[in-house]
Amino acid sequence: LQEEQILRPSGTHRRDGIDPQKDQSWPQRLRALGLLVLYVVKKGEVPFVTLKTQSHEKIIQLSPDEETRDLIYHLFNPGDNVLEHLSGLLGHPFFWSWENRYRTLRDVGNESDIKQRLRNSRIVQLLQLENSECSRTFAQWTSKIDKYVMTVMNKFYEKKRNFYEDTPSDLLKFIRNLGEHINEDKNKEMRLIIGEPSRYLQMKFPDLVIYVYKKLQNTEYRKTGRSHVPEVPGWLSWWSIGLLVSGL
């Protein structure tokens, strides 16, 4: 599809004179897309015809991970501005590689306010767990990291006894420092324990990436030139929207 077929100069997305905002078939298209996402992620474990009979709540419940669950939820609940909502979803963590997820966590942990532990700073406050979020896998994160690794990483703070604490910002600082030092010769044993950091962290804290993404996505930390959210190539945006406009 050519760009002008998808986005008209007026800024209104149309195809064959149809305004997607008023097109009654959009909910069905987005539901079908959500079902397709789950079908692919589950590798056909649940037949597509079976998925079609399930409620939105059941489909979301069947999602195997936080990123899939959140993406499908937003496909099922697009709001009024459908195409703007879909464009935003193209940058969703569901589409990120393991390395992009790890890189994003490291970049956020590299924020000066997080490194300096400025507890009252905006980004630290944004990332702070609410009372209703204490069931997150990383709420007590220091106890989930291998003890040897935690001991090594805390040595730097031994003199002042300012050890890592169970806060999201300290976890991100830990991830940043881990990335900076894990490949040093003195940390060979730690590297053997952890293996690939991106996989280790995903296994330990499967809801961390989506948590950080949702906390920062509509803030200045998402929109500045130091954006921590990987961008989707322009051609992919046009292609994806084009498919949806053309019909599933």
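**Helix packing and loop residues**

Trainee: Is the crossing in which α7 passes α11 left-handed or right-handed?

Mentor: This is a predicted model, where local features need pLDDT of at least 70, side-chain atom pairs count only at pLDDT 80 or more, and totals for chains, interfaces and linings use all residues. Residues are numbered from 1 along each chain as its sequence is written, and side-chain values use heavy atoms, without hydrogens and water. A crossing is left-handed if the near helix is turned anticlockwise from the far one by less than a right angle, right-handed if clockwise. For α7 passing α11, the crossing is left-handed.

Trainee: How many helices and strands does the chain have?

Mentor: Both are DSSP runs, numbered from the N terminus: helices H or I with at least four residues, strands E with at least two. The chain comes to 16 helices and 0 strands.

Trainee: At what angle do the axes of α7 and α11 cross?

Mentor: Helix α7 spans residues 98-109 and helix α11 residues 168-181. Axes are fitted to C-alpha atoms over the stretch in contact, with angles from 0 to 180 degrees between N-to-C directions. The two helices are therefore roughly perpendicular (65 to 115 degrees). The axes come within 7 Å and cross at roughly 110°.

Trainee: How many nonpolar, polar and charged residues does the contact of α7 with α11 have?

Mentor: Contact means heavy atoms within 4.5 Å. Tyr 102, Leu 105, Arg 106, Val 108 and Gly 109 in α7 meet α11 residues including Leu 172, Lys 173, Ile 175 and Arg 176. By class, the contact of α7 with α11 has 6 nonpolar, 2 polar and 4 charged residues.

Trainee: How many nonpolar, polar and charged residues are in the contact of α5 with α14?

Mentor: Helix α5 (residues 66-76) packs on helix α14 (residues 208-216) at about 40°, with the axes 8 Å apart. That makes α5 oblique to α14. Glu 66, Glu 67 and Asp 70 in α5 meet Val 209, Ile 210 and Lys 214 in α14. The residues of this contact divide into 2 nonpolar, no polar and 4 charged.

Trainee: Is Arg 117 buried or exposed?

Mentor: Arg 117 lies in the loop between α8 (112-115) and α9 (122-127). Its phi is near 55°, a positive value in a residue other than glycine. Most residues other than glycine have a negative phi. At 10% relative accessibility, Arg 117 counts as buried.

Trainee: And is Arg 161 buried or exposed?

Mentor: Arg 161 is found in the loop between α10 (147-154) and α11. Its phi is also positive, near 50°. With a relative accessible area of 60%, Arg 161 is exposed.

Trainee: What distance separates the C-alpha atoms of Phe 48 and Leu 36?

Mentor: Phe 48 sits in helix α3 (residues 48-51) and is partly exposed at 28% relative accessibility. Leaving out residues up to four places away in sequence, Phe 48 touches Ala 32, Leu 35, Leu 36 and Tyr 39. Phe 48 and Leu 36 are 12 residues apart along the chain, and their C-alpha atoms are separated by 7.7 Å.

Trainee: What percentage of the residues of the chain count as buried?

Mentor: The chain has 248 residues. The share that counts as buried is 43%.

Note on methods
Angles under 35 degrees count as roughly parallel, over 145 as roughly antiparallel, 65 to 115 as roughly perpendicular and the rest as oblique. Ala, Val, Leu, Ile, Met, Phe, Trp, Tyr, Cys and Pro count as nonpolar, Asp, Glu, Lys and Arg as charged, and the others, Gly among them, as polar. Buried means under 20% relative accessible area, exposed over 50%, partly exposed in between (1.4 Å probe, protein chains only).
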